[in-house]
Every structure is written in structure tokens, then in C-alpha cells.
Amino acid sequence: MRKGLNRFGLIGRIVRFYVDGFREMTLGRYLWALILVKLAILFFVFKIFFFPDRLQCDYSTDEERARAVRRDLARPRSAYDSLFELTLNRIYYKNLCL
């Protein structure tokens, strides 16, 4: 075995494998580009519709936001906290912020 081939070890061989594979691709480049565009759109839509910034809407200063986070983290969960109620709260707060 030549000394130059083992210079980077296992990590170097893995990196070289992927670099050579992407260099040889023709159709695969377009497919990867399509996958990346779809993921970007998907995360953008999720951010807008499913993850509203409740703290920004409900509180005006950073101090109020920090106090609200500490209060919610310290509050014990009850048997009435269900996924359905949390989902309705998210929809309600999202509509308020619009």
C-alpha cells in the first residue's frame, strides 16, 4: 500500500468517495436540487402555519418574555393539558398575530 493513499485515513477515504460520487453525477444533481428546494419550501410553510411566535405577539419586552418562559417551565403539567388543547391554542394565537 502506498503511503500517500493512507495519509488521510478512513475519514479521507469517505470524503473522497462522496466528492467523486457527486462529481460523476448527472441526473442526481437535479434530483438533489429538487429535494433541497422541496425541503426549504416545506420548512418555510411549517414555520408560517404551525410554529407561530407566541412570545413576540403576547409580550412586548424581553423581560416579559423571559418571565413567561420561566413561569411555563416551572408550571406542573395537569391531566387537562392535551394535544388537542395545545393545537387549538396555537391556532388561536396565530390568528391573533395576523
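Modeller: Buried means under 20% relative accessible area, exposed means over 50%, and partly exposed lies in between, with a 1.4 Å probe and protein chains only. The model is predicted: local features need pLDDT of at least 70, side-chain atom pairs count only at pLDDT 80 or more, and totals for chains, interfaces and linings use all residues. Numbering starts from 1 along each chain as its sequence is written, and side-chain values use heavy atoms, leaving out hydrogens and water.

Colleague: What share of the 98 residues counts as buried?

Modeller: The cut-off is under 20% relative accessible area. Over the 98 residues of the protein, the buried share is 7%.

Colleague: What part of the accessible surface belongs to carbon and sulfur atoms?

Modeller: Areas come from the Shrake-Rupley method with a 1.4 Å probe, and for residues only the protein chains shown count as cover. The protein's surface totals about 9300 Å². The carbon and sulfur part is 66%.

Colleague: How many salt bridges does the rule give?

Modeller: The rule asks for a side-chain nitrogen of Lys or Arg within 4 Å of a carboxyl oxygen of Asp or Glu. One of the pairs is aspartate 20 with arginine 23. The count is three.

Colleague: Which helix holds both aspartate 20 and arginine 23?

Modeller: Their side chains meet at 3.0 Å, N to O. Aspartate 20 is partly exposed at 33%, while arginine 23 is exposed at 52%. They sit three residues apart, about one turn, within residues 9-24, which form helix H1.

Colleague: Is arginine 65 buried or exposed?

Modeller: Arginine 65 bridges to aspartate 62 at 2.6 Å, N to O. Both lie in helix H4, residues 62-74, three residues apart. Aspartate 62 is exposed at 60%. Arginine 65 has 14% relative accessibility, so it counts as buried.

Colleague: What separates glutamate 63 and arginine 67 along helix H4?

Modeller: The two form a salt bridge, with their closest N and O atoms 2.9 Å apart. Glutamate 63 is exposed at 57%, and arginine 67 is partly exposed at 42%. They are four residues apart in helix H4, so the separation is about one helical turn.

Key: Helix = DSSP H or I, 4+ residues; strand = E, 2+ residues; numbered from the N terminus.
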